[in-house]
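My notes follow in the order in which I looked things up.

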Amino acid sequence: MPFVTRLTFRSGDSDRLESVVSALKTRAERKGVELRGPHAEPPSRYSVPQHAGVGEGRFDDWGYTVYTRVIEVVDHNEFARE
């Protein structure tokens, strides 16, 4: 049974995330490493309260989105570690 290493990548910048995942996939293809994915998970939306100061009220909440991609590396532990 092959050993599978699951790598999860998260970023608030979807373009940068795609760039990193594409570069990893290209590198794996050159080295003959079997990959499964990248699998896209639904984006997560977060909201963070912002306080103006002690006793001064609040600003509007800061909202941001986090994008996730999952890649599975099959039987190449050295590649996954790098």
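Before looking at charged pairs I wrote down the rule: a salt bridge is a side-chain nitrogen of Lys or Arg within 4 Å of a carboxyl oxygen of Asp or Glu. I also noted that this is a predicted model.

Is arginine 69 buried or exposed? I recorded arginine 69 as buried, at a relative accessible area of 14%, while glutamate 18 counts as partly exposed at 32%.

Glutamate 41 sits in strand β2 (residues 34-51) and arginine 6 in strand β1 (residues 4-11), so here the parts tied together are 35 residues apart in sequence. Glutamate 41 is partly exposed at 32% relative accessibility, whereas arginine 6, at 52%, counts as exposed.

I also listed the salt bridge between arginine 58 and aspartate 61, where the closest N and O atoms are 2.4 Å apart; aspartate 61 is partly exposed, with a relative accessible area of 41%.

**Entry on the strands.** How do β2 and β3 pair? I found them antiparallel, over 13 bridges, and when I followed histidine 39 across to β3 its bridge partner was valine 70. The two strands β2 and β3 form a hairpin with six residues between them, and in the turn glycine 55 has a positive phi of about 75 degrees.

**Entry on the whole chain.** I counted two helices and three strands, which from the N terminus on run in the order β-α-β-β-α. The radius of gyration is 18 Å, well over the 12 Å that the globule rule gives for 82 residues, so the chain is more spread out than a compact globule. Along its principal axes the C-alpha trace spans about 60 × 25 × 20 Å.

Lastly, I noted that buried residues make up 22% of the 82 residues, and that, of the contacts with a separation of 6 or more, 65% come from residues 24 or more positions apart. The accessible surface comes to about 6000 Å², and 49% of this belongs to carbon and sulfur atoms.

Key:
Residues numbered from 1 in each chain as written. Predicted model: local features only at pLDDT ≥ 70, side-chain atom pairs only at ≥ 80, totals over all residues. Heavy atoms only, no water. Helix = DSSP H or I, 4+ residues; strand = E, 2+ residues; numbered from the N terminus. Buried < 20%, exposed > 50% of the residue type's maximum accessible area, 1.4 Å probe, protein only. Pairing = 2+ DSSP bridges. Rg over C-alpha atoms; globule rule 2.2 N^0.38 Å. Contact = heavy atoms within 4.5 Å. Areas by Shrake-Rupley, 256 points an atom, 1.4 Å probe, with all protein chains shown as cover.
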